[in-house]
Structures are given as C-alpha cells and as structure tokens.
Amino acid sequence: MTAPYEELDGLVRVYPATTPNGTGLVWAHGGGFSHGDLDMPESDWVARQLAARGTTVVSVDYRLAPEHPFPAASDDMLTAWQWARANAEAFGVRLLAIGGTSAGGNLAAGAGLRLAGTDEAPALVLLAYPTLMAVQPAPDAELRAALDADPSADRFPPASVLAMYERYLGGTVDDAPLAAIPGNATASDLGDYPPTLILNGDADELRVSGEHFASTLAAAGRDVEVLTEPGTHHGHLNRPDEAPASRSIERMAARISALLA
C-alpha cells in the first residue's frame with residue numbers, strides 16, 4: 001500500500017488502495033464525540049485493512065466536542081465528503097461510500113441524511129456499532145440478560161448516553177436536528193436514504209439504536225442490511241488482535257465490493 005498522507009490541512013488522511021477496485025470510503029472514528037483520533041485501530045487499522053482489499057479510504061479527523069459542538073463535526077464530514085468526491089477520479093474511485101464507528105457512525109448517518117436525495121448522495125452508508133439516539137428504547141430481555149451477565153460490556157446506561165449527546169450538542173437534545181440524532185428520523189424522513197449496512201456489536205446496549213434505525217429504513221422501503229457480530233462488545237474494531245475484528249472487516253469489504261456488481 002502507498003503510504004497514507006494528509007490533506008485539507010490535516011482534516012483527512014488518505015489511504016490509497018493497494019490495487020484499486022474502483023471503490024472509496026470516507027470514514028470516521030468513534031470516541032463519544034469527544035475523544036478519538038486517526039491513529040486508533042478503528043481508524044488506522046480499519047483503513048489499512050480496507051485499502052489492502054482495494055478500497056481507498058479517506059479518514060476524517062473531525063473536530064471534537066465540547067470545544068466544538070454540533071454542527072462542527074458534521075460539517076467536517078461534509079467537507080471531507082466533498083473533497084473526496086472532487087478527487088475521486090485521481091484515486092481511481094468510481095463509487096464512494098461513507099461510514100464510521102460508534103459516534104463516527106452517527107456522523108456518517110447524519111451525513112447520509114444531509115446528502116440524501118441529492119446528486120452527492122453516497123453509494124453506501126456503512127455504520128459499525130453506531131450510536132444514533134440520545135434516548136433509545138430499553139434493550140430486550142435477551143440483550144439485557146447478556147449485559148447483566150457481563151458487567152464489563154454494560155457501559156452505556158441511559159444517563160451516560162444522554163450526557164454524551166448533550167456534550168455533543170452543547171445543550172439540550174430537545175428539538176435537535178436529525179443530522180445530530182439520526183435515530184429520531186421517521187420513515188417519511190428517510191424516503192431517499194442511501195443503501196445502508198449496519199454492523200452492530202453483540203453485548204452492546206447501543207445495538208438498540210442501530211436496530212431501531214434499520215427498522216425505520218426498512219419501513220421506508222430502503223435498502224438496508226443489519227448484522228450483529230457474534231461474541232463482541234462495543235468497539236470491537238479497536239481490538240484488531242481478536243477474531244471478530246477481522247470478521248467484520250471481511251463483511252465490510254464484501255459489502256463495499258458489492259457496489260461494483
């Protein structure tokens with residue numbers, strides 16, 4: 001793989017595909033909107049793995065809350081997206097997706113909403129264990145039992161999730177734009193939403209918001225696939241030495257490559 005390099009004054013790091021297959025991905029790391037960087041595994045390792053499989057990755061070093069509340073990070077995603085589209089031909093990219101993990105998944109989903117129905121809409125929205133709701137439904141009995149059986153996985157009680165969104169928004173979640181809380185979208189809001197893959201963690205309370213968003217997309221008649229990576233906690237792409245991370249990479253690469261079919 002050609003060495004990664006930075007563009008847009010460091011806003012993006014480009015990972016050129018080893019053998020380009022015509023696909024590209026604008027990608028955002030997680031970190032609760034307040035943490036994370038381009039060197040964490042779910043950013044750097046994921047980008048390198050996908051680049052080795054033919055996809056050029058543009059990883060986004062978006063601004064973090066609370067110093068930079070919404071819409072700063074969302075706007076950075078759109079800036080990175082527009083730059084990637086403008087340079088796609090130089091990368092050998094014909095089909096461009098957008099995605100991210102956890103809070104980065106929120107940013108990607110929100111960008112999908114902002115771009116839906118335009119000629120700039122992504123070919124695919126790829127969300128890995130995203131957080132999409134500030135106030136999400138309670139987990140079902142099976143998930144609740146799994147979390148109770150493994151306290152180390154039970155890290156997202158309702159109060160913590162709400163506080164995370166309040167930091168991101170710089171205030172109350174009441175009347176927040178859908179781009180900030182995409183899980184609040186109704187089917188009527190999603191009529192033009194791009195094709196979507198949601199890859200959730202297993203024992204992960206944030207899985208509820210991913211499943212809810214998938215159900216709403218399905219109700220809107222959109223192309224959506226939702227999967228759960230067995231045996232995982234939240235953030236498994238940050239643990240590349242564990243088998244589930246590699247399984248998820250293969251799922252992601254397969255779905256991106258399917259854009260070429």
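Contact here means heavy atoms within 4.5 Å, and buried means under 20% relative accessible area, with exposed over 50% and partly exposed in between (1.4 Å probe, protein chains only). Helices (H or I, at least four residues) and strands (E, at least two) are DSSP runs, numbered from the N terminus. The model is predicted: local features need pLDDT of at least 70, side-chain atom pairs count only at pLDDT 80 or more, and totals for chains, interfaces and linings use all residues. Residues are numbered from 1 along each chain as its sequence is written, and side-chain values use heavy atoms, with hydrogens and water left out.

Gly221 follows H7 and has a positive phi, near 80°.

Strand S5 (residues 95–101) is mostly covered, with six of its seven residues buried. S5 pairs with strand S3 (residues 23–28) in the parallel sense, over six bridges; pairing requires at least two DSSP bridges between the strands. Trp27 has Gly99 in S5 as its bridge partner. Four bridges join S5 to strand S6 (residues 125–128), also in parallel. There, Gly99 stands opposite Leu126. The chain passes from S5 through helix H4 (residues 103–115) to S6 in a right-handed β-α-β crossover: with the strands pointing away from the viewer, the path from the first strand over the helix to the second runs clockwise.

Five aromatic pairs occur in the structure. Rings of Phe, Tyr and Trp (its six-membered ring) pair if their centres lie within 6.5 Å; planes under 30 degrees apart count as stacked, over 60 as edge-to-face and the rest as tilted. Phe33 and Tyr165 are edge-to-face, because their centres are 5.4 Å apart and their planes at 65°. Phe33 and Tyr168 are stacked, at 3.9 Å centre to centre and 5° between the planes. Phe33 lies in the loop between S3 and H1 and Tyr168 in helix H6, so this pair ties together parts 135 residues apart in sequence. Phe33, Phe70, Tyr165 and Tyr168 form one aromatic cluster.

Ala180 sits in the loop between helix H6 (158–169) and S7. Ala180 counts as buried because its relative accessibility is 0%. Its contacts include Phe70, Tyr165 and Tyr168.

Terms used
Lists of a residue's contacts leave out its neighbours within four places in sequence.
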